[in-house]
Amino acid sequence: MIIPVVLSGGAGTRLWPLSREHFPKQLLPLAGGEETMLQATVARTAGLPGVVAPVVVCNEAHRFMVAEQLRQAGVEGARIVLEPIGRNTAPAIALAAHVALAAAAASGDAADPGPLLLVLPADHVVRDRAAFQAAVRAALPVAEAGRLVTFGVVPEAPETGYGYIRRAAAPLAGLAGASAADAIYAIDRFVEKPDFATAERFVASGEYYWNSGMFLFGARRYLRELAAQAPDIAAAAQAAFEAAKTDLDFVRVDAETFGACRSDSIDYAVMEKTRDAVVVPLAAGWSDVGSWSSLHAAVESDADGNVLRGDVIAEDTRDSFVFSESRLVATVGLDSHVVVETKDAVLVAPRDRVQDVKALVARIKAAGRSEHSLHREVFRPWGSYDSVESGERYQVKRLSVNPGASMSLQLHHHRAEHWIVVSGTARITRNDEVFLLEENESTFIPLGAKHRIENPGKIPLHIIEVQSGSYLGEDDIVRFEDRYGRDSKSK
């Protein structure tokens, strides 16, 4: 049994303004088409021998978006583990291993030696799915024999943004189930991100691979090795799992116990210390999409070297990435630039300066602005709202409520609301009243009135909401009933 473990806890600040704290890059369709990076990660495991539903480890704030994207992709039976606080990959994979073992035990197959975990970050691009699966298949007998496998990307250039793995001189031989043709190597050493001259030597030698952060090993085998190499992390992760609770479709890890866990990567905690780590070369068009320049390189360009997305007209523009979300973006005479437009922000930067976007986001956060964390359109488990216009004592939003979805029963102390149905049918609760609103009909919710919007139909419901009052913040919510188990922090 192979259980994909999809690590979806990152924020991806270098891809701002598209990727943000509350809507990170793995939830976006950055690689082309409509499939998000999370969906593509799960999809590339389909067809592997014995593969079953994934375990997804994600930030608690992203839980409903992750669940909805898996549902849209037709993924059934996934287990979503909620990290109350990020503690890096070693503890996250340990939590997933415990969840996977519990799931395998519940399946009732006494002969099953335990699942193999195929650990995959949710925010990577892999263009050649067949080559990826071939590498996984080559690694299977080695992982079943008790080795801890990592996949080393055959370098395409002297990249300074990646760590490297130096392989042993000759492939391993004599492993149970492995053929002589399998290119599997013991690991000589892991190397931190090098300078350019060192990276050139690494690539020229043919002995080094990019460290991909992808792994294959037995769930029990990983937990044993973690206990040997980092016993404090192993104990904390086990305690946090044992104190976890199931909440709807989620495994909610105990926050206090997990918060006490030391933060460390699987590389430092396990892979650099164990004697059983091996590397399988991978040449599958891989990129970690860590910046706008790497995304540009990872997707197909036009004859001028440009990647143009959305409503873009480019005149005399070369080797540039231009993205438009909501309006026409026109460029003239650009060379090697990145231009990214969203509804509330525009980024313009030379391609050789895109690593500085992280510092830019830090300045936005330090200034007390919200654009580092939220888009203008904010997603909720029932749908989304888009803040179209705001001013002193008023705000206009466009609400989109999914079929069958419902907002919580709530009230506001500081604002009243006017609702106009644009399309669909709304079931409205206003104090003791329950009534339907059709297209072009409206109603008023006085300050202090209990209210709720539901979509009883089979098509999305769209409503224009006009708020007025002395305070219009999202924390002015007193929640009475909520099918999604939320507190009073979000609508």
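How many bridges join β8 to strand β12? In this predicted model, two bridges join β8 to strand β12 (residues 277–282), and the two strands run antiparallel. Within β12, Val-279 is the bridge partner of Tyr-185. Strand β8 (residues 185–191) is also joined to strand β7 (residues 164–167), by four bridges and again in an antiparallel arrangement. Here Arg-166 stands opposite Arg-189 in β8.

An open sheet is formed by four strands in the order β14-β16-β18-β19, with mixed pairing. The strands β14 (307–309) and β19 (346–350) stand at the edges; each has a single partner strand, so one side of each is left without a neighbour in the sheet. From one strand to the next, the twist averages 5°. Three bridges connect β14 with strand β16 (residues 321–324), and these strands run parallel. Leu-308 has Val-322 as its bridge partner in β16.

In soluble globular proteins, nonpolar side chains tend to be buried together. In the present model, the largest nonpolar core contains 57 residues, of which Trp-292 and Ile-453 touch the most other members. Helix α2 (residues 63–72) gives the most to this core, contributing four residues. Apart from this core lies another, of 46 residues, which includes Val-5, Phe-217, Ala-236 and Val-270. When residues up to four places away in sequence are not counted, the contacts of Ile-453 include Leu-399, Val-401, Met-407, Trp-419, Ile-428, Leu-461 and Ile-463. Ser-406 and Arg-427 are also among the residues that Ile-453 touches.

A pair of aromatic rings is described by the distance of the centres and the angle of the planes. The structure holds 11 aromatic pairs. In one of them, the ring centres of Phe-23 and Phe-379 are 5.1 Å apart and the planes lie at 20°; the pair is therefore stacked, the angle being under 30 degrees. This pair links distant parts of the chain, 356 residues apart: Phe-23 belongs to the loop between β1 (2–8) and α1 (37–43), and Phe-379 to strand β20 (residues 377–380). Phe-23 counts as buried because its relative accessibility is 14%, under the 20% limit. Phe-379, at 37%, counts as partly exposed.

Phe-217 and Tyr-222 form another stacked pair, with 5.0 Å from centre to centre and 10° between the planes. Both Phe-217 and Tyr-222 are buried. Ring pairs also link Phe-64, Phe-250 and Tyr-484 into a cluster.

Lys-397 lies over the face of Tyr-385, 4.0 Å from the ring centre, and Lys-450 lies over the face of Phe-480, at 4.2 Å from the ring centre.

Methods:
Residues are numbered from 1 along each chain as its sequence is written. This is a predicted model: local features need pLDDT of at least 70, side-chain atom pairs count only at pLDDT 80 or more; totals for chains, interfaces and linings use all residues. Side-chain values use heavy atoms; hydrogens and water are left out. A nonpolar core is a set of buried Ala, Val, Leu, Ile, Met, Phe, Trp, Tyr and Cys residues joined through side-chain atoms within 4.5 Å. Buried means under 20% relative accessible area, exposed over 50%, partly exposed in between (1.4 Å probe, protein chains only). Contact means heavy atoms within 4.5 Å. Two strands pair if DSSP finds at least two bridges between them. Axes are lines fitted to C-alpha atoms, for helices over the stretch in contact, and angles run from 0 to 180 degrees between N-to-C directions. Rings of Phe, Tyr and Trp (its six-membered ring) pair if their centres lie within 6.5 Å; planes under 30 degrees apart count as stacked, over 60 as edge-to-face and the rest as tilted. A charge sits over a ring if NZ of Lys or CZ of Arg is within 6 Å of the ring centre and within 35 degrees of the ring normal.
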